[in-house]
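Subject: Structure handover

Hello,

I am passing the structure below on to you. Please look through it before reading my notes.

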Amino acid sequence: MTQRLSGTEGYAEEAQELAVRYERMRQEDVHSPVLHLFPAPPASVLDIGAGTGRDAAALAARGYRVVAVEPTRELREAGQRLHANAKIKWLDDGLPELDRVLDLDRRFDLVLLTAVWMHLDKEQRRYAMPGVASLIAPGGRLVMSLRHGPVPEGRRMFPVTAGETTALADEQGLSTLHNGPGDDAQGRAGVTWTWLVFERPR
Ligand SMILES: C[S@@+](CC[C@H](N)C(=O)[O-])C[C@H]1O[C@@H](n2cnc3c(N)ncnc32)[C@H](O)[C@@H]1O
């Protein structure tokens, strides 16, 4: 059996169905609470836990230079097929280590961690934040969404708060630009979101 990266449990099995669900949504709608805080294209973007690349492809089409990181092979390959014409650099890598991304030795104007952070336990979140923060260029931003509510069958997910996350970001010298609620784009009962945007000072 394939050894799966922790956090990705349940995704491979459902990849086909998830691809349909993810691609039905529009990037502008999903990111609407924080879209006004995105840097303008051709800013560089790192989308960590990119799923099937819906957001990566939409941003690439608008002129952003996008690297999409996705550890679940089935989702990554679906994304590469579905967005074959999109100018996206795909990487097989994952949190908390992000070894391959860190090996690129690049900084990004926008780092997206949307609907991913709650897949890490407390210890992994603490370990991961310095690496994530080190990938943000001076003046660049980190956009995160935290899912709250019931855990889907077969998934690995933990309760995570805005308070803990802003404290971890603060320890890395990031300032908080936005901390607010968001609706569930899929309208699922009991599911709510927190949107956070951090900035690395110039
Ligand atoms: C709910 S999906 C979100 C996909 C996309 N970011 C979006 O907003 O639609 C969560 C994604 O996180 C990925 N993931 C799970 N554990 C991860 C980890 N340890 N590191 C990076 N990505 C992970 C999953 O494979 C999946 O693609």
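The notes below cover the sheet, a helix pair, the ligand surroundings and some backbone details.

This is a predicted model, in which local features need pLDDT of at least 70, side-chain atom pairs count only at pLDDT 80 or more, and totals for chains, interfaces and linings use all residues. Residues are numbered from 1 along each chain as its sequence is written.

Sheet

Seven strands make up an open sheet with mixed pairing, in the order β3-β2-β1-β4-β5-β7-β6. Strands (E, at least two residues) and helices (H or I, at least four) are DSSP runs numbered from the N terminus, and two strands pair if DSSP finds at least two bridges between them. β3 (88-91) and β6 (175-182) are at the edges with a single partner strand each, so one side of each has no neighbour in the sheet. On average, neighbouring strands of this sheet are turned by 15° against each other, direction ignored. Strand β1 (residues 44-48) runs parallel to strand β4 (residues 108-114), and three bridges join them. Valine 45 has leucine 110 as its bridge partner in β4.

Helix pair

Helix α1 (residues 15-24) packs against helix α4 (residues 73-82) at an angle of about 50°, and their axes are 10 Å apart. Axes are lines fitted to C-alpha atoms, for helices over the stretch in contact, and angles run from 0 to 180 degrees between N-to-C directions. The two helices, α1 and α4, are therefore oblique to each other; angles under 35 degrees count as roughly parallel, over 145 as roughly antiparallel, 65 to 115 as roughly perpendicular and the rest as oblique. α1 contributes Ala15, Leu18, Ala19 and Glu23 to the contact, and α4 contributes Glu74, Leu75, Ala78 and Leu82 (contact: C-beta atoms, placed from the backbone, within 7 Å). Six of these contact residues are nonpolar, none polar and two charged. Here Ala, Val, Leu, Ile, Met, Phe, Trp, Tyr, Cys and Pro count as nonpolar, Asp, Glu, Lys and Arg as charged, and the others, Gly among them, as polar.

Ligand

Around the ligand there are 19 residues, of which Gly7, Gly49, Gly51, Thr72 and Gly94 come nearest (near: C-beta atom, placed from the backbone, within 6 Å). The shell divides into 10 nonpolar, eight polar and one charged.

Backbone

Most peptide bonds are trans, and most residues other than glycine have a negative phi. The bond from proline 41 to proline 42 is cis, with omega near 10°; proline 42 is in the loop between α2 (27-30) and β1. Leucine 95 and proline 96 are also joined by a cis peptide bond, with omega about 5°. Proline 96 lies in the loop between β3 and α5 (99-103). Leucine 98 is found in the loop between β3 and α5, and its phi is positive, near 55°.

Regards

Technical notes. Two residues are in contact if their C-beta atoms, placed from the backbone, lie within 7 Å.
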